[in-house]
Amino acid sequence: MSFFNSMNVSATGLTAQRLRMDIISQNIANVNTTKTKDGGPYKRKVLLFEEQKSNNFSSILNDSIDNYTASGVKVSKIIEDTKPLKRVYDPSHPEAGKDGYVLMPNVNTIEEMVNMISANRSYEANVTAMNAAKSMAMKSLEIGK
């Protein structure tokens, strides 16, 4: 793996984790949203990650399992979570049905905060890997002095 490939892998990880933190923030911000533009309550969103295929000419030309090198991660989809919505008894709420229950989003704030910490740590790990690669490149330039 070349120097620039390692930087590219870290860069894709940074981009994916930044988007993950954005989606988690959106979930937390909509924890009490009972009516969206689609009409129902907000539904929690989650990301699906997949391996990013290398798109340089040599990897396409030598497309085999033996010559395969990692090239990072990408977000393949943003999907809505399939967990059931919460039913909360609040007859004074404007969105309450005749039975007094309100459909609330399927967002668990504690779970989202744990996911945010995980995304933050993953982001920090990618920054550390990128800084280590940069430091090694700088040290290799100093060898010639």
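Let's start with the side chain of Asn106, which reaches the backbone oxygen of Lys83 at 3.0 Å. Keep in mind that we're looking at a predicted model here.

Is Asn106 buried or exposed? Asn106 has a relative accessible area of 5%, and the cut-off for buried is under 20%, so Asn106 counts as buried. Leaving out residues up to four places away in sequence, Asn106 touches Tyr42, Lys43, Arg44, Asp81, Lys83, Pro84 and Leu85. And have a look at Pro41 as well: Asn106 and Pro41 are 65 residues apart in sequence, yet C-alpha to C-alpha they are 8.7 Å apart in space.

Now let's move over to Arg44. Arg44 is in the loop between α1, residues 3–29, and β1, residues 45–51. Arg44 is buried too, with a relative accessible area of 7%. What does the side chain of Arg44 make a polar contact with? The partner is the side chain of Glu112, at 2.3 Å. If you skip residues up to four places away in sequence, the residues that Arg44 touches include Asn27, Ile79, Glu80 and Asp81, along with Asn106 and Val107, and then Glu111, Glu112 and Asn115.

While we're in this loop, please find Val31, which is also placed between α1 and β1.

Next up, a pocket. The second largest pocket has a volume of about 160 Å³. Which residues line the second largest pocket? The lining includes Gln26, Asn30, Thr36 and Asp38, then Gly40, Pro41, Tyr42 and Lys43, and also Lys45 and Glu80. By class, that lining has 2 nonpolar, 4 polar and 4 charged residues. Two of these names have come up already: Tyr42 and Lys43 are among the residues touched by Asn106.

Let's step into helix α1 itself and pick out Leu14. Leu14 is buried, at 14% relative accessibility. What does Leu14 touch, once residues up to four places away in sequence are left out? That would be Tyr123, Asn126, Val127 and Met130. Leu14 and Ser122 are 108 residues apart along the chain, with 8.2 Å between their C-alpha atoms.

Okay, zooming out to the chain as a whole. How many helices and strands does the protein chain have? There are 3 helices and 4 strands. Going from the N terminus, the order of elements is α-β-α-β-β-β-α. Of the 145 residues in the protein chain, 23% are buried. Take the contacts between residues at least 6 apart in sequence: 67% of them join residues at least 24 apart. As for the surface, the accessible area of the protein chain is about 10,000 Å², and 57% of that belongs to carbon and sulfur atoms.

Terms used. Residues are numbered from 1 along each chain as its sequence is written. This is a predicted model: local features need pLDDT of at least 70, side-chain atom pairs count only at pLDDT 80 or more; totals for chains, interfaces and linings use all residues. Side-chain values use heavy atoms; hydrogens and water are left out. Helices (H or I, at least four residues) and strands (E, at least two) are DSSP runs, numbered from the N terminus. Buried means under 20% relative accessible area, exposed over 50%, partly exposed in between (1.4 Å probe, protein chains only). Contact means heavy atoms within 4.5 Å. Accessible areas come from the Shrake-Rupley method with a 1.4 Å probe; for residues, only the protein chains shown count as cover. A polar contact is a pair of N or O atoms within 3.5 Å; within protein, one must be able to donate a hydrogen and the other to accept it, and residues adjacent in sequence count only if both atoms are side-chain atoms. On a 1 Å grid over the protein atoms alone, a cavity is a set of points where a 1.4 Å probe fits but cannot get out, and a pocket is an open set with protein on both sides within 12 Å along at least five of seven lines; lining residues have an atom within 4 Å of a point. Grid points are joined across faces, edges and corners, and a volume is the space filled by probe spheres set on the points. Ala, Val, Leu, Ile, Met, Phe, Trp, Tyr, Cys and Pro count as nonpolar, Asp, Glu, Lys and Arg as charged, and the others, Gly among them, as polar.
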